[in-house]
Amino acid sequence: GASGKEGKGWKKFQSYKGEGALPPDVDRLRITVDRKAQTVILPIHGFAVPFHINTIKNVSKNDEGDYTYLRINFQTPGQLAGKKEDTPFENPDATFVRSISYRSPDGHRFDNISKQITELKKEANKREQQKKELAD
Amino acid sequence: MSQPATQFDAIYYGLNSEPGKLRVAQSGMAWKGSGSDITAVPSADIKWAQWLRVARNFQLRVGVKDRKKICFDGFVREDHDKLQTLLKNYFSVALETKEVSFKGWNWGETDFQGQDLAFLVSNRVAFELPLAQVANSNIAGRTEVSLEFSNPSSKAPTKSSLDEMVEIRFHVPGAYTKPRASDAGS
């Protein structure tokens, strides 16, 4: 029923059409980057939850004691206070996942994942930029 | 005459990291890990059953008495029909399919379902958060709610440890309600 207030300029994107397309290694209950699907799959209490790169804003990483913490920040409405919103949303009035944080004793792996996500985001931004330039 | 038990191998009980065997028989269901622990559900306690895709392939979720549920992960798609028949014949329970979202969207709606907070994308579940494991929650801003999770694993961390989710934050447009007069001005 949100069609009436569907955000202007929002272009549909989707990670997977069905469960069969999930990469098999999600069964390890670890963060998985699926470059082909432009998707990061997060383990959330036994679920394998895909998040398309378009929903991801950035990642941050920090070390604390025996653990490395990785925080994935998502695109949500109203993050640019006072600025004109330039990210269109399908339904700005929905509930959004804003961030999810994980910890692992394997800092090297989290470092690697953080780089992969950042790289994926860069590629997506670049494609978006090229599309805009072509449209002009 | 009772039928022999049907066994499913490499089945996980809950979020345990070690797989075990699940047996289904007229008398009920029993899961046995590599240790000596057995989790048994007598047939009379089985109220409902659901089938859904999770990280470790498919999950059989069984509703038992006292509004509790137990979950078994690691089934393959081909197990569905066999399970459906077993559950129907032994416990008169239908195996209901729960639809899961794989769209990859971070927006939807939250829904309290028993002891879980479910996040639904286009009316399909994307994930569930067990509220019993929420250690702390906060209204972090006008429209932001955070849930922190306790980490039950007290074991010393190793390289093979799982990625533990420690916090999730939601942007909830309607979360902010005007403070009462007594709180105003703070």
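A salt bridge here is a side-chain nitrogen of Lys or Arg within 4 Å of a carboxyl oxygen of Asp or Glu. The model is predicted, with local features needing pLDDT of at least 70 and side-chain atom pairs pLDDT 80 or more, while totals for chains, interfaces and linings use all residues. Residues are numbered from 1 along each chain as its sequence is written, chains are lettered from A and ligands numbered from 1 in the order in which they are written, and side-chain values use heavy atoms, leaving out hydrogens and water.

**View 1. Where chain B meets chain A.** Welcome to the interface: 47 residues of chain B and 52 residues of chain A are in contact (heavy atoms within 4.5 Å). Together the chains bury about 4,500 Å², 58% of it on carbon and sulfur atoms (accessible area, 1.4 Å probe, lost on being put together and summed over both parts).

**View 2. Charged partners across the interface.** Five salt bridges link chain B and chain A. One of them joins the side chains of D163(B) and R109(A), at 2.3 Å from N to O.

View 3. Strand 14 of chain B gives the largest share of the side that touches chain A, eight residues (strands are DSSP runs of E, at least two residues, numbered from the N terminus). By class, this side of chain B has 23 nonpolar, eleven polar and 13 charged residues.

**View 4. Strands paired between chains.** Strand 6 of chain A (residues 95–104) runs antiparallel to strand 9 of chain B, the two pairing over two bridges (pairing requires at least two DSSP bridges). Look for T95(A), whose bridge partner in strand 9 is G108(B).

Definitions and conventions:
Buried area is the accessible area (1.4 Å probe) that two parts lose on being put together, summed over both. Helices (H or I, at least four residues) and strands (E, at least two) are DSSP runs, numbered from the N terminus. Ala, Val, Leu, Ile, Met, Phe, Trp, Tyr, Cys and Pro count as nonpolar, Asp, Glu, Lys and Arg as charged, and the others, Gly among them, as polar.
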